[in-house]
Structure formats: C-alpha cells, structure tokens
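Subject: Handing over a structure

Hello,

Here is the structure I promised to pass on to you. Please have a look at it first, and then read on for what turned up in it.

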Amino acid sequence: MPIPQTQTQTRFEVRGACPHDCPDSCALITTVDQGRAVQVRGNPEHPHTAGVLCAKVARYPERTHHPERLLYPLKRVGPKGSGQFERVSWDQALSDIATRLQAIAARDPQAILPYSYAGTMGLVQGESMDRRFFHRLGASRLDRTICASAGAAALEATLGGKLGMKVEHFAESRLILLWGTNSIGSNLHFWRHAQEAKRRGAKLVCIDPRRSETADKCHEHLALLPGTDAALAYALMHELIVHDWLDHDYLERYTLGWPQLRERALQWPPERAAQHCGLPVEQILALAQDIGRCFEQREAVAIRLNYGMQRTRGGGNAVRAVACLPALIGAWRQRAGGLLLSSSGNFPVRRDQLQRPDLLAASGVRSPRLINMSTIGADLLRPASPEFGPAIEALLVYNSNPVAVAPQSGQVVAGFAREDLFTVVLEQFQTDTADYADYLLPATTQLEHWDIHTSYGHTDVLLNRPAIAPLGEAKSNSQIFRELAARLGFDDPCFAQDDESLCRQAFGDAVDWERLTQQGYFSLPLPDAPFAEGGFPTPSGKCECFSAALAAQGLDGLPQVLPNHEPWGSSAAYPLAMISPPARNFLNSTFVNVRSLRDIEGEPRLEIHPDDAAARGIEDGSLVCVFNDRGRYHCQADVSHRARPGVVNGLGIWWRKLGHNGTNVNELTHQQLTDLGRAPAFYDCLVQVSLLRPDDS
Ligand SMILES: Nc1nc2c(c(=O)[nH]1)N[C@H]1C(S)=C(S)[C@@H](COP(=O)(O)OP(=O)(O)OC[C@H]3O[C@@H](n4cnc5c(=O)[nH]c(N)nc54)[C@H](O)[C@@H]3O)O[C@H]1N2
Ligand SMILES: Nc1nc2c(c(=O)[nH]1)N[C@H]1C(S)=C(S)[C@@H](COP(=O)(O)OP(=O)(O)OC[C@H]3O[C@@H](n4cnc5c(=O)[nH]c(N)nc54)[C@H](O)[C@@H]3O)O[C@H]1N2
Ligand SMILES: [Mo]
C-alpha cells in the first residue's frame, strides 16, 4: 500500500533508508508531524529490515532534533581546537573558503585534501558532487582504507570481489561459523537469520577473542588471540585433509593452487595452531569434526566473516585463508553454504558518472597523489618533499570524525592543531574534529535530504526521500559542494545536477526506478548459489587459493600466517593485547552525544579478565590508566569474563572530549598498516593497565 506523502497533511509517513555504516542498511519509515520527525521505524515490507530497527537508529529523531545540532555556518574565533566559533552567513563562509582554496590551488591543488568516510553511506551525499568537485580542482585523492580494505583486497584476490552468500540463506545452514563478528551488536539483521537456523537445529560457533553478546548465544566460542585467525583456518584445513573430508571434484574443477595450499596446511597440525592461537587443541579438533560431519551428511556449512578479524597486521591473509575453506568441502554447491564478508560487489553502481574522474583533465593534474586516510596523523605533519609532494595545506572533512576514529590520536591531534592548516568541517554536530575547524558548516541529516544506497550485508538498493525540511540553515553535502563549485567558477553542467537526478543516475537502467520509488527498495536479481559451479570473477575463474596477482606484487601467492606488528608476549612493558571493537549503542563515534544511548553505555570502559585485574589490584568499577609509548587513556575497568586472559577490550569509539582525560582508545593505537589493502591495524596493539591513583593525570 502506498504511503500518503502529500505535504498538505500535517501528519504523514515517508520511506527512507538508514544511512549508517552498518551491513544491515535498513529501510525506514519516518512519521512526520507538523514538520517534525516524531518516529522512525523499520519498514515491515522490506524483507531484510522486517520492521525491526536497532536501539540506535530508533533514536534517529532524537539525533536529528537534538538541541546541539549545528544549524548555522560557524567561523573559528578562539585558538585552534578550542571549539570557539561565531556565527557567519553562508555567503561569507563560502566566499572565504573559495578564496582560500583558490589561492592554494593556484600554487598546487594537491595541497588540498578531502577527508571523508561513511558517516552516511549514501551515494549522493557520500560520493557524487563532492568527488566531482575535488576531481575538477585536482586535489589529492584520499585512499579510503579505514574500515574494510584489507578484507576487500583479500576477497578480491581469492573470490574475485566483495561477493558471497545471500544473507537470508544462512537461515537454512546447519553449521554457522560467526568469525570475527559480534552480530548482535553490529549486524542485528543477520542475527535474525542465524537465530532461525538455530531454531531449526543448526550449530553456531563464534570465533572471537572477546566473549561478545553474540558469543553468549552461540553453542561454542573459540576465544583466540587477536591476529591468529589464519593459523586456525590452516589447522581446520589440516584436519579436513587428514580425514579426507574434501570435495575433490570441486577442488579439481573450481580452485587454483590447491596442491600448494594443501602442502602449507599440512604444516599446521592442530597442536601447533592451538599454541599459536592460545586455544585448547580440543576446541579446534571439535570444530573440524563438526565441519567434517556436515560434509559427510551433505549439510550446509556457512561462514559469516566480518571485518573485526582483518584489523591486525596479517588481517588480509587471514581473510584469504578463511575464504579458501568453503571450497575444500564444496560448501558453495548449496545456497546455504559458503561465506559472506561483504555483498557490496553485487551493486552495479555507475561510479564514473557519479564521480566524474574525467573532470581531472580540466584541473591540469592528471593523476593526483593518493593519501592514506589511516595515516592522516603522520601525513598532516609531513613537510613538502619530492616523494610526498606538497605539505597538506587545506583539509575538507565530511562524513567522518578523524580526530576520534583515526589511529594514534596523539599525532592526529597534533596535525589538526597546525596553525597553518586550513580546515573546513561539514558536520551535524560539534565533534572532536569539528573543534579544530576554521569553518564549521551545518550539514543535513538523512531525514532532510535525498539519497540512494547500496548495502554490504544484503543485496537490495534503497531510496531515501527527505522527510522534513533542512533544520536551521543546514545544507546537504551535495549542495555545499555545488555552491563551492559555482564560486570557483566550475561551469560544467554536472555541477548543477540536483539530488533526485543523481539518485536516478546512480544505477541507470539496472534498477527499476518505479519499483524503487513505490517500495523504497529494489532487490537485485541474483543467483541463489553464485559459485555452485565455480564462476568466480577472478582472472582464472576459480577460487584462487594461490593468487598470481599477489605473487606478481612480490607477495606470497598463498595465504600466509603473519605475526602481529605488536605480537602478544613480545614486550615485558606491555604484556596485554588490546582490541577496541564497537560499543553496541554507538555507531563508531556517531550517537555518542545522544544522551539516552550514552546513558546505556555509561562510561568509557575497558573489559579485563579477573586474573589480569587481580594481578594489578584492579576491581570492577576501578578507574584505570591504559597506556603504552603512544599515550594514556583513562577509563573504567569492567572486570569480566568477556575478556580472555592476556587481552583487554577497550570498547569504542567515545568522543575524546567526553572521556575522562580527554582521550579515547585511539590514543593507544598505531598507524602501521595491514598486509593487504593498506588498512589500519586497530586490533594489533599492546598496552599495560594500572590502577589510576587520584594524583595521576
Ligand atoms: N552497534 C554498532 N554496529 C556497528 C558498528 C558500530 O560501531 N556499532 N560499526 C559498523 C562498522 S563501521 C563496521 S565496519 C561493522 C563491523 O562489523 P564487525 O566486523 O562485525 O564488527 P564487530 O561487531 O566489532 O565484530 C568484530 C568482532 O571481532 C572481534 N575481533 C577482534 N579482533 C579479532 C581477531 O583478531 N580475530 C577474530 N576472529 N575476531 C576479532 C571483536 O572482538 C568483535 O567482537 O559494524 C558496523 N556496525
Ligand atoms: N580503535 C578503533 N578505531 C576505529 C574502529 C575500531 O573498531 N576501533 N573502527 C574503524 C571503522 S570500521 C570505521 S568505519 C571508522 C569510522 O569512522 P567515521 O567514518 O569517521 O565514522 P563516525 O565516527 O561514525 O563519524 C561519522 C561522522 O559523519 C557525520 N555525518 C553523518 N552523516 C553526515 C552527512 O550527511 N553529512 C556530513 N557532513 N556529516 C555526516 C556524523 O555526524 C559523524 O560525526 O572508524 C574506525 N576507527
Ligand atoms: Mo567500518
């Protein structure tokens, strides 16, 4: 039934899409009363959303109509980072920004850097007009690596892309490995399918250093040390080989490099892996037997891999090792078998048309340098040099909060504090990053603008219509870049294109626009079991256990077991490994300022095992200092079996200014990168913890 959307009614409903960086990409229905969003609920007609929202997004109206929403353009008046601003007009802000950018671009446009991530995952507000603007300008390009690029590179090399099982088919699986994922906290709509499978008798096994909310609900939990997943995958392969639980036909026809992979797997007997992973050998043997039993009975084995396991040095290779597993038992033959890390490779987005890289030609810079967003701390502090190019002189930040989320905040803060750096931040709130802006521009939320969305956890396109008018003087990102383009004299017609038209352009004919506007979503027509008969989009068309592409880059062509940058047990000063997975009621650093959600989380917390706590005189609720050579982070100890011995869990990602000593967990992380994909190794970090004495600062 169509939802009445006439603006003459004072109360009406509008279909939209959740914009957040989460695999679930829910279809929303917003109720508007007298121009105000009063309720957001899940669209019950959208099969993946099924009328259910997480606690966070159910609070979206509270976030949108928050008293601290930025409503007017602001100009810095206090010292850098002080967060002191005065209200200015849009005209003044945009003219001044345009003048500053023009002056820098006249010397070298590559001294200007965009910095954005997935604050909204919308194609219009996240990767259209903004990209056109920076291409036409000839600005440095940003290597967007902060989240998923290690896993993405690994999938690319192994399966040929970000592809895999359809999420709904997990409901029919008989054995599900939840590998590096806290689904209940961060992928709730997947968990519905896992629960359905459980009700039908499936076994659920969680592989995670932390005893997460999800681990609590699984039949087994393997609490391995962070960064040891590749060894576990190899030990499982070892057992499949020695028991001959192998689909020889599938291996023969649809894999590349199996003989070499087999040789390497035979070097990882379970006893060796148990030692390496910090697991009882019995757990590894039992899991291998579960897989073997399913293989013998032709029951579907499925792996829900998630990004948690690729945030250590060897994360890319670990994803490669795990991604080879389904082929050994021919799991891909069934639609309820195989693996899912990301589904985003299924979407036929016309990125060239949205982003217009061809506009670079007019900028005079044919191939701008690439700056890795994960090393922004170091790069902001880098002087000009022949290798690096010009120092970064201007930074335009949108859809991201780097001062809170990028690794090694000490350096990030020092970079943002540079007096000679010109920083523009487009934001909905005065975040830690916004505090460092020279100009802070008010951005609309998802309820106030158009957008169109893909998903990395399902395979439907979603449309988002604005439900309410922009609050205050807020403008959408696309509108701000449109107006900046005009002021810089960029007259290509593409800069005049409106948001609704960008939505239509994003997929062209690949999506039925009528259906999309009526339903709010459009399901891509895709096969149920994509790799039942091979057909991997790799160079060989096979699942590439051996990757010639990686070998050609001088890397090992087979999945490797790589030690962490900071291996557990390697430092007497810092004997604990720290991981920093998301807190359930925040979305990265978004929602930390929503009071009702912050109240549920309470305080910045560190989960620590009772033995590790006792050895340090730490009690539940004690204030502690977590530290290493990079910095100090004060928070509350949560003495709990959620932490395994030797590993502490610093739940993320608090706003620094709401923390005890003005820091968050990224004060401790470093900027070394992963083996594949140039990604940060957030969960590869050694620390020490001590009781905080009242005179500590
Ligand atoms: N509520 C909520 N939901 C979110 C987010 C959020 O911040 N809050 N963030 C969103 C974003 S940006 C992303 S990328 C996705 C992330 O989605 P996931 O990757 O599923 O993220 P997590 O729920 O943190 O699950 C990661 C799990 O990996 C575990 N882990 C850490 N190190 C290792 C390791 O070395 N090996 C293994 N096997 N496990 C390890 C952590 O303890 C954690 O439980 O979630 C999205 N959804
Ligand atoms: N220690 C540690 N650090 C991590 C992680 C971890 O697990 N541990 N996870 C990492 C991961 S997976 C990710 S994805 C990154 C996420 O890092 P970010 O992408 O920076 O995500 P958020 O912290 O949610 O910040 C997004 C910001 O975008 C703003 N925003 C939302 N919509 C719009 C819009 O339409 N316009 C504008 N202008 N702004 C908007 C929000 O208000 C918010 O402040 O963090 C990474 N950092
Ligand atoms: Mo992410």
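Domain 2 and domain 3 bury about 330 Å² between them, and 52% of that is on carbon and sulfur atoms. Buried area here is the accessible area (1.4 Å probe) that two parts lose on being put together, summed over both. On the domain 2 side, Tyr 456, Gly 457 and Thr 459 supply 82% of the area buried against domain 3, more than any other three residues.

Before going further, a word on the background: this is a predicted model, in which local features need pLDDT of at least 70 and side-chain atom pairs count only at pLDDT 80 or more, while totals for chains, interfaces and linings use all residues. Residues are numbered from 1 along each chain as its sequence is written, chains are lettered from A and ligands numbered from 1 in the order in which they are written, and side-chain values use heavy atoms, with hydrogens and water left out.

The domain assignment gives domain 1 (11-64), domain 2 (74-146 + 354-523), domain 3 (150-341) and domain 4 (576-691); such bounds come from an automatic or database domain assignment. The centres of domain 2 and domain 3, taken over C-alpha atoms, are 37 Å apart. Four residues from domain 2 and five residues from domain 3 make the contact, where contact means heavy atoms within 4.5 Å.

Now to some helix pairs. Helices (H or I, at least four residues) are DSSP runs, numbered from the N terminus. Their axes are lines fitted to C-alpha atoms over the stretch in contact, and angles run from 0 to 180 degrees between N-to-C directions.

Helix 9 (residues 229-242) packs with helix 12 (residues 270-277) at an angle of about 165°, with the axes 9 Å apart. That makes helix 9 roughly antiparallel to helix 12 (angles under 35 degrees count as roughly parallel, over 145 as roughly antiparallel, 65 to 115 as roughly perpendicular and the rest as oblique). Ala 231, Leu 232, Ala 235, His 238 and Glu 239 of helix 9 make the contact with Pro 270, Ala 273, His 276 and Cys 277 of helix 12.

Helix 12 also meets helix 13 (residues 281-296): their axes come within 8 Å and cross at roughly 125°, so helix 12 is oblique to helix 13. Here Pro 270, Glu 271, Ala 273 and Ala 274 in helix 12 meet Val 281, Ile 284 and Leu 285 in helix 13.

Lastly, the axes of helix 5 (residues 149-158) and helix 14 (residues 315-328) come within 8 Å and cross at roughly 40°, which makes helix 5 oblique to helix 14. Residues in this contact include Ala 150 and Gly 151 of helix 5 and Gly 316 and Val 319 of helix 14.

Best wishes

Key: Helices (H or I, at least four residues) and strands (E, at least two) are DSSP runs, numbered from the N terminus.
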